[in-house]
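My notes follow in the order I looked things up.

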Amino acid sequence: MERERWSSRVGFILAAAGSAIGLGNIWKFPYLVGENGGAAFILIYLISVALVGLPVVMAEILMGREAQRNPVGTFRILSRTGSPWVIVGYMGILAGFIILSYYNIIAGWSFGYFIEALRGAFSSISSPDDAARHFQLLSGNPLWTTLFHAIFMTFSMIIVYFGVKKGIEKAAKIMMPILFLLIIILVIRGVTLVGSKEGINYLVKVDFGKINGRTCLLALGQAFFSLSLGMGVLMTYGSYMSKDEDLPSSALNIVLLDTLVAILAGFMIFPALFAMRQEPNQGVALIFYILPVVFNTIPGGYLFRIIFFLLLSLAALTSTISLLEVITSFAVDELKASRKKAVIIIGIIVFLLGIPSGFSFNVLKDFKIFGMSFFNLFDFIAANILLPTGGILIAIFVGWYLGKRKAVEYVSQGAKNFPVILANIWIFLVKYVAPILILIVFLSCIGII
Ligand code: TRP
């Protein structure tokens, strides 16, 4: 059977940007900025995106486009027969199962909060403490968590079921413009509040005194996660791309959109936060404890809260479908399953796999493996071990195993305006800079340095 293709370049860019733009941008990026000194963190983040993010994005897309396969098939086709490189592909599939299973729990909460916002559940809650209690009531209820886990999984399954063009691309073309619109509405609301200036300053004033080793590690790690790198999402999406497309410029668009949304999320949250006299460095609690209450004090808050949780749910959904698609494409290419059957079976397996993560906020709260709850363990294995390892190996594969001549030839195919000098800079970043910097982050994540 012939491989499905994106119907347009824009379709591919929006789908890939949809994968990149997720909870990481809207939930994690603002709280990292808040905890690490504002603009100084953003600056280091931008440098990380340019030096490591963009080059590795290009490397991943290039591999998938060249091989026209899922991550396992891609490594098999591009390496010699019997070579151990396919293991990197399998690691990607494993990471897909793990990430989707716990990411979907938070995605389910977002949607659950959208429903709560619609019901007007927050209108009687006036302090972050009460909001925290409300959060504990909901996340502490295994039925609530599992129900929304199931609902959100079903959304992703329905979209991936319909395939690349009619499912993923169509969904991205509908959801991404809505997402951009919603975030712009919320940014305008935030920056027009009385007293928002301080929050804006917080985001744009660079304080070099705040930059240290830890800032750099966090920024690079976040850039990597935010761009969905290291497990073959972009490889899989790249495999539906034709070889006459301009790869570097598509990659640049994806990276710019992802970065833009992360920064806009900052401008959506901090001005409102400062205007309402809340502390910026609230960690994870920011989104589920502080914001619902902040909305109570701003004009039109009921509506803006609904918009916010809808935004969060849409951003999560375009990411969960990309994770599900990686595993599905593996089952379709390698195990010769039909897409429809594959989606249903994989969806059920991931749903079951995610249940313990959902339970780590309630019935399994005290159950620890290596001192971590299921949720934290899954996050640790995937985000701190599988993704950085995958990222280093992808960079090494393209930079050293394929080598400069082939890599540059593949990446420039279809890109008439890609100058040689940029190709040389790119391969230098892929060969040396990316593996070394990712290795440093990796060692620090597992506590070695
Ligand atoms: N990039 C997404 C975010 O920012 C998360 C994500 C989706 C992801 N797919 C991924 C992260 C694959 C790593 C690998 O929320």
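This is a predicted model: local features need pLDDT of at least 70, side-chain atom pairs count only at pLDDT 80 or more; totals for chains, interfaces and linings use all residues.

**Second largest pocket**

I began with the second largest pocket, which holds about 550 Å³ of space. I found 20 residues in its lining, and Met1, Glu2, Glu4, Val332 and Arg339 lie nearest its centre. Which helices supply at least two residues each here? I noted α8 (163-191), α14 and α15 (339-359). By class I wrote down 12 charged residues, 6 nonpolar and 2 polar.

**Largest pocket**

Next I went to the largest pocket and got about 1200 Å³ of space. Its lining has 44 residues, and I marked Trp27, Lys28, Tyr31, Asp379 and Asn384 as the ones nearest the centre. My class tally for it reads 28 nonpolar, 10 polar and 6 charged.

**Cavities**

How many cavities of 30 Å³ or more does a search of the whole structure find? I got 3. The largest cavity comes to about 170 Å³. I listed 18 residues lining it, with Ser19, Tyr103, Phe225, Ser228 and Leu323 closest to its centre. The helices with two or more residues in this lining are α1, α2, α5, α10 and α14, and α14 gives the most, with 3 residues.

For the second largest cavity I noted a volume of about 90 Å³. Among the residues lining it I picked out Leu186, Arg189, Met268, Phe295, Phe304 and Phe308. The elements that give this lining two or more residues are α8, α12 (247-275), α13 and α14. Its class make-up is 10 nonpolar, 1 polar and 1 charged.

Where does the ligand sit? I checked, and the space it takes is the largest cavity. Helices that give two or more residues to the shell around the ligand are α1 (9-20), α2 (23-35), α10 (213-226) and α14 (301-334). I counted 16 residues around the ligand, of which Ala20, Gly24, Tyr103, Phe225 and Ser228 come nearest. That shell splits into 8 nonpolar and 8 polar residues, with no charged ones.

At Leu23, a backbone N or O atom lies 3.1 Å from an oxygen atom of the ligand. Gly24 also has a backbone N or O atom by a ligand oxygen, at 2.7 Å. For Ser228 I noted a polar side-chain atom 3.0 Å from a nitrogen atom of the ligand.

**Looking back over the page**

I see Tyr103, Phe225 and Ser228 listed among the residues closest to the centre of the largest cavity, and I see those three names again among the residues that come nearest the ligand. For Ser228 I also have the 3.0 Å distance from its side chain to a ligand nitrogen.

Key
Residues are numbered from 1 along each chain as its sequence is written. Side-chain values use heavy atoms; hydrogens and water are left out. A residue is near a molecule or strand if one of its heavy atoms lies within 4 Å of it. A polar contact is a pair of N or O atoms within 3.5 Å; within protein, one must be able to donate a hydrogen and the other to accept it, and residues adjacent in sequence count only if both atoms are side-chain atoms. On a 1 Å grid over the protein atoms alone, a cavity is a set of points where a 1.4 Å probe fits but cannot get out, and a pocket is an open set with protein on both sides within 12 Å along at least five of seven lines; lining residues have an atom within 4 Å of a point. A molecule sits in a cavity or pocket if more than half of its atoms lie within 2 Å of its grid points. Helices (H or I, at least four residues) and strands (E, at least two) are DSSP runs, numbered from the N terminus. Ala, Val, Leu, Ile, Met, Phe, Trp, Tyr, Cys and Pro count as nonpolar, Asp, Glu, Lys and Arg as charged, and the others, Gly among them, as polar. Grid points are joined across faces, edges and corners, and a volume is the space filled by probe spheres set on the points.
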